[in-house]
Amino acid sequence: MQIQTQKRYYTPAEYLELEEKAAYKNEYRNGEIISMTGGTTEHNKIALNFAAYFKFGMRGKGYQSFIGDVRLWIPDYTQYTYPDVMIVAGKPIYEGNNRTTIVNPCLIVEVLSKSTQNYDKGEKFTHYRSIPELQEYILIDQYSFHVEQLVKESENRWSFQEYNGENSLLKLGTIAYEISFRDLYEEVDLKAL
(Lines give C-alpha, C1' and ligand atoms only; values in the text may rest on other atoms or scores of the structure.)
Protein backbone atom coordinates (compact mmCIF):
# COMPACT_ATOMS: atom_id res chain seq x y z
CA MET A 1 0.00 0.00 0.00
CA GLN A 2 1.40 3.36 -1.04
CA ILE A 3 0.69 6.41 1.07
CA GLN A 4 0.53 9.70 -0.77
CA THR A 5 1.46 12.82 1.08
CA GLN A 6 -0.24 16.00 0.13
CA LYS A 7 1.95 18.95 -0.75
CA ARG A 8 1.28 22.02 1.39
CA TYR A 9 0.91 25.35 -0.40
CA TYR A 10 1.32 28.66 1.37
CA THR A 11 0.17 32.17 0.61
CA PRO A 12 2.83 34.86 0.29
CA ALA A 13 1.65 36.29 3.63
CA GLU A 14 2.03 32.89 5.34
CA TYR A 15 5.51 32.51 3.90
CA LEU A 16 6.60 35.96 5.09
CA GLU A 17 5.28 35.24 8.59
CA LEU A 18 7.12 31.91 8.73
CA GLU A 19 10.28 33.44 7.27
CA GLU A 20 10.44 36.05 10.05
CA LYS A 21 10.74 33.24 12.62
CA ALA A 22 12.81 30.80 10.54
CA ALA A 23 16.30 29.81 11.67
CA TYR A 24 17.38 29.46 8.02
CA LYS A 25 16.45 31.28 4.81
CA ASN A 26 13.83 29.81 2.51
CA GLU A 27 12.70 30.74 -0.98
CA TYR A 28 9.05 30.95 -1.95
CA ARG A 29 8.06 29.66 -5.38
CA ASN A 30 4.42 29.90 -6.36
CA GLY A 31 3.05 28.55 -3.08
CA GLU A 32 5.92 26.25 -2.12
CA ILE A 33 8.58 26.96 0.49
CA ILE A 34 12.01 25.72 -0.57
CA SER A 35 14.85 25.50 1.96
CA MET A 36 18.06 27.11 0.79
CA THR A 37 21.26 25.13 1.06
CA GLY A 38 24.25 26.68 2.75
CA GLY A 39 27.04 28.04 0.62
CA THR A 40 30.76 27.43 0.84
CA THR A 41 33.16 29.97 2.26
CA GLU A 42 34.51 30.45 -1.29
CA HIS A 43 30.97 31.21 -2.54
CA ASN A 44 30.60 33.78 0.22
CA LYS A 45 33.98 35.38 -0.48
CA ILE A 46 33.19 35.84 -4.18
CA ALA A 47 29.79 37.44 -3.50
CA LEU A 48 31.28 39.69 -0.83
CA ASN A 49 34.22 40.68 -3.06
CA PHE A 50 31.89 41.74 -5.86
CA ALA A 51 29.60 43.69 -3.51
CA ALA A 52 32.43 45.35 -1.57
CA TYR A 53 34.51 46.38 -4.57
CA PHE A 54 31.37 47.65 -6.32
CA LYS A 55 30.22 49.64 -3.28
CA PHE A 56 33.55 51.38 -2.81
CA GLY A 57 34.23 51.80 -6.53
CA MET A 58 30.83 53.39 -7.15
CA ARG A 59 30.65 55.55 -4.02
CA GLY A 60 28.56 58.66 -4.65
CA LYS A 61 27.28 57.49 -8.05
CA GLY A 62 23.72 56.60 -7.03
CA TYR A 63 23.91 52.81 -6.69
CA GLN A 64 23.20 50.63 -3.69
CA SER A 65 24.53 47.09 -3.12
CA PHE A 66 22.67 44.36 -1.25
CA ILE A 67 23.91 40.87 -0.42
CA GLY A 68 22.30 37.53 0.45
CA ASP A 69 20.02 38.58 3.32
CA VAL A 70 17.85 41.00 1.34
CA ARG A 71 14.91 39.31 -0.33
CA LEU A 72 13.69 39.91 -3.88
CA TRP A 73 9.99 39.73 -4.82
CA ILE A 74 9.19 38.66 -8.39
CA PRO A 75 5.43 39.21 -8.74
CA ASP A 76 5.02 37.71 -12.24
CA TYR A 77 6.16 34.35 -10.86
CA THR A 78 4.89 34.69 -7.27
CA GLN A 79 8.44 34.19 -6.02
CA TYR A 80 10.56 35.42 -3.14
CA THR A 81 14.27 34.68 -3.47
CA TYR A 82 17.62 35.78 -2.06
CA PRO A 83 20.10 36.65 -4.84
CA ASP A 84 23.76 36.63 -3.84
CA VAL A 85 24.17 40.29 -4.83
CA MET A 86 21.68 42.88 -6.05
CA ILE A 87 22.46 46.38 -7.27
CA VAL A 88 19.79 49.07 -7.29
CA ALA A 89 20.06 52.31 -9.25
CA GLY A 90 18.80 55.12 -7.02
CA LYS A 91 16.60 54.12 -4.12
CA PRO A 92 15.24 50.64 -3.49
CA ILE A 93 11.52 50.10 -3.92
CA TYR A 94 10.21 47.91 -1.13
CA GLU A 95 7.48 45.31 -1.34
CA GLY A 96 5.05 45.75 1.52
CA ASN A 97 5.67 47.80 4.63
CA ASN A 98 9.03 46.36 5.59
CA ARG A 99 12.58 47.03 4.48
CA THR A 100 13.53 43.39 3.89
CA THR A 101 12.21 42.83 0.35
CA ILE A 102 12.97 44.87 -2.76
CA VAL A 103 11.54 44.72 -6.27
CA ASN A 104 13.81 46.89 -8.44
CA PRO A 105 17.37 45.59 -8.92
CA CYS A 106 19.08 46.73 -12.11
CA LEU A 107 21.81 44.09 -11.76
CA ILE A 108 21.81 40.65 -10.11
CA VAL A 109 24.86 38.49 -9.39
CA GLU A 110 24.66 34.78 -8.60
CA VAL A 111 27.67 32.70 -7.57
CA LEU A 112 27.19 29.27 -9.07
CA SER A 113 27.27 26.06 -7.06
CA LYS A 114 26.95 22.54 -8.41
CA SER A 115 23.51 22.14 -6.85
CA THR A 116 22.03 25.41 -8.17
CA GLN A 117 23.85 26.27 -11.41
CA ASN A 118 21.26 24.76 -13.76
CA TYR A 119 18.43 26.54 -11.95
CA ASP A 120 20.37 29.84 -11.84
CA LYS A 121 21.07 29.69 -15.58
CA GLY A 122 17.61 28.48 -16.57
CA GLU A 123 14.34 28.95 -14.73
CA LYS A 124 15.68 31.54 -12.29
CA PHE A 125 16.96 33.71 -15.14
CA THR A 126 13.55 33.40 -16.81
CA HIS A 127 11.98 34.72 -13.61
CA TYR A 128 14.55 37.50 -13.21
CA ARG A 129 13.92 38.71 -16.77
CA SER A 130 10.36 39.64 -15.77
CA ILE A 131 11.73 42.42 -13.53
CA PRO A 132 11.39 45.62 -15.61
CA GLU A 133 14.40 47.33 -13.99
CA LEU A 134 16.78 44.39 -14.47
CA GLN A 135 19.39 45.20 -17.11
CA GLU A 136 22.22 42.78 -16.35
CA TYR A 137 22.76 39.31 -14.88
CA ILE A 138 26.19 38.03 -13.83
CA LEU A 139 26.92 34.36 -13.11
CA ILE A 140 30.23 33.69 -11.34
CA ASP A 141 31.74 30.20 -11.20
CA GLN A 142 33.14 29.41 -7.76
CA TYR A 143 35.25 26.49 -9.04
CA SER A 144 37.25 28.22 -11.79
CA PHE A 145 38.03 31.67 -13.17
CA HIS A 146 34.87 31.87 -15.26
CA VAL A 147 32.07 34.46 -15.47
CA GLU A 148 29.00 34.62 -17.71
CA GLN A 149 27.42 37.99 -18.38
CA LEU A 150 23.95 38.63 -19.80
CA VAL A 151 23.03 42.18 -20.75
CA LYS A 152 19.57 43.36 -21.79
CA GLU A 153 19.74 45.02 -25.18
CA SER A 154 16.00 45.45 -25.74
CA GLU A 155 12.73 43.80 -24.79
CA ASN A 156 13.24 40.01 -25.05
CA ARG A 157 16.83 40.40 -26.31
CA TRP A 158 19.85 39.69 -24.14
CA SER A 159 23.50 39.52 -25.20
CA PHE A 160 25.84 36.90 -23.74
CA GLN A 161 29.55 37.11 -23.03
CA GLU A 162 31.97 34.79 -21.23
CA TYR A 163 35.18 35.65 -19.40
CA ASN A 164 37.83 33.02 -18.61
CA GLY A 165 41.19 33.05 -16.87
CA GLU A 166 42.80 34.59 -13.85
CA ASN A 167 43.89 37.71 -15.75
CA SER A 168 40.40 38.55 -17.05
CA LEU A 169 38.55 41.79 -16.44
CA LEU A 170 34.77 41.87 -16.10
CA LYS A 171 33.32 45.06 -17.59
CA LEU A 172 29.68 45.65 -16.80
CA GLY A 173 27.54 46.37 -19.82
CA THR A 174 25.04 48.73 -18.19
CA ILE A 175 27.08 50.50 -15.50
CA ALA A 176 30.48 52.11 -16.00
CA TYR A 177 32.28 49.67 -13.72
CA GLU A 178 34.86 46.94 -14.09
CA ILE A 179 36.47 44.44 -11.73
CA SER A 180 39.54 42.28 -12.26
CA PHE A 181 39.31 38.56 -11.61
CA ARG A 182 42.15 39.01 -9.11
CA ASP A 183 39.83 41.23 -7.05
CA LEU A 184 36.72 39.16 -7.72
CA TYR A 185 38.43 35.93 -6.61
CA GLU A 186 40.55 37.54 -3.88
CA GLU A 187 41.38 35.01 -1.12
CA VAL A 188 39.42 32.28 -2.91
CA ASP A 189 41.18 28.92 -2.97
CA LEU A 190 39.94 27.24 -6.16
CA LYS A 191 42.15 24.22 -5.47
CA ALA A 192 40.31 23.51 -2.22
CA LEU A 193 36.99 22.99 -4.01
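Some ground rules. This is a predicted model, where local features need pLDDT of at least 70, side-chain atom pairs count only at pLDDT 80 or more, and totals for chains, interfaces and linings use all residues. Residues are numbered from 1 along each chain as its sequence is written, and side-chain values use heavy atoms, with hydrogens and water left out.

Helices and strands here are DSSP runs, numbered from the N terminus: helices are H or I with at least four residues, strands are E with at least two. Two strands pair if DSSP finds at least two bridges between them. Strands of a sheet pair through backbone hydrogen bonds, either parallel or antiparallel.

Start with the sheet of 6 strands. It is open, and the order runs β3-β6-β8-β9-β10-β11, with mixed pairing. Which strands stand at the edges? They are β3 (63-67) and β11 (157-164). Each has a single partner strand, so one side of each is left without a neighbour in the sheet. The twist averages 15 degrees from one strand to the next. For angles, axes are lines fitted to C-alpha atoms, for helices over the stretch in contact, and the angles run from 0 to 180 degrees between N-to-C directions.

What packs on this sheet? Helix α2 does, touching β3, β6, β8 and β9. Its direction makes about 165 degrees with that of β3. Contact, by the way, means heavy atoms within 4.5 Å.

Serine 154 has arginine 157 of β11 as its bridge partner.

Now α2 itself. The expected span of a helix is 1.5 Å times one less than its number of residues. The 17 residues of α2 should therefore span 24 Å, and the end C-alpha atoms are 24 Å apart, which agrees. Buried means under 20% relative accessible area, exposed over 50%, and partly exposed in between, with a 1.4 Å probe and protein chains only. The buried residues of α2 include Ile46, Asn49, Phe50 and Phe54.

That brings us to the cores. A nonpolar core is a set of buried Ala, Val, Leu, Ile, Met, Phe, Trp, Tyr and Cys residues joined through side-chain atoms within 4.5 Å. The largest has 26 residues, and Phe50, Val147 and Tyr185 are among those with the most contacts inside it. Elements giving two or more residues include α2 (41-57), β6 (85-89) and α5 (181-184). Which element gives the most? It is α2, with 5 residues. A second, separate core of 17 residues includes Tyr128, Ile131, Tyr137 and Leu139.

Look at tyrosine 185. Not counting residues up to four places away in sequence, its contacts include Ile46, Asn49, Ile140 and Val147.

On to the other sheet. Here 5 strands form an open sheet in the order β2-β1-β5-β4-β7, again with mixed pairing. Its edges are β2 and β7 (101-102). Helix α1 (residues 12-21) packs on this sheet, touching β1, β2, β4 and β5. The direction of α1 makes about 180 degrees with that of β1.

Strand β4 (residues 71-74) pairs with β7 in the parallel sense, over 2 bridges. With β5, strand β4 pairs in the antiparallel sense, over 3 bridges. Those two form a hairpin with 4 residues between them, and threonine 78 in the turn has a positive phi of about 45 degrees. Arg71 and Trp73 point one way from β4, Leu72 and Ile74 the other way, and all are buried.

Is asparagine 26 buried or exposed? At 12% relative accessibility, it counts as buried. Asparagine 26 lies in β1 (residues 26-29), and its bridge partner in β2 is serine 35. The side chain of asparagine 26 also reaches the backbone oxygen of tyrosine 24 at 3.1 Å.

Last, threonine 81, in β5 (residues 79-81). At 0% relative accessibility, threonine 81 counts as buried. Its side chain makes a polar contact with the side chain of glutamate 27, at 2.4 Å. A polar contact is a pair of N or O atoms within 3.5 Å; within protein, one must be able to donate a hydrogen and the other to accept it, and residues adjacent in sequence count only if both atoms are side-chain atoms.
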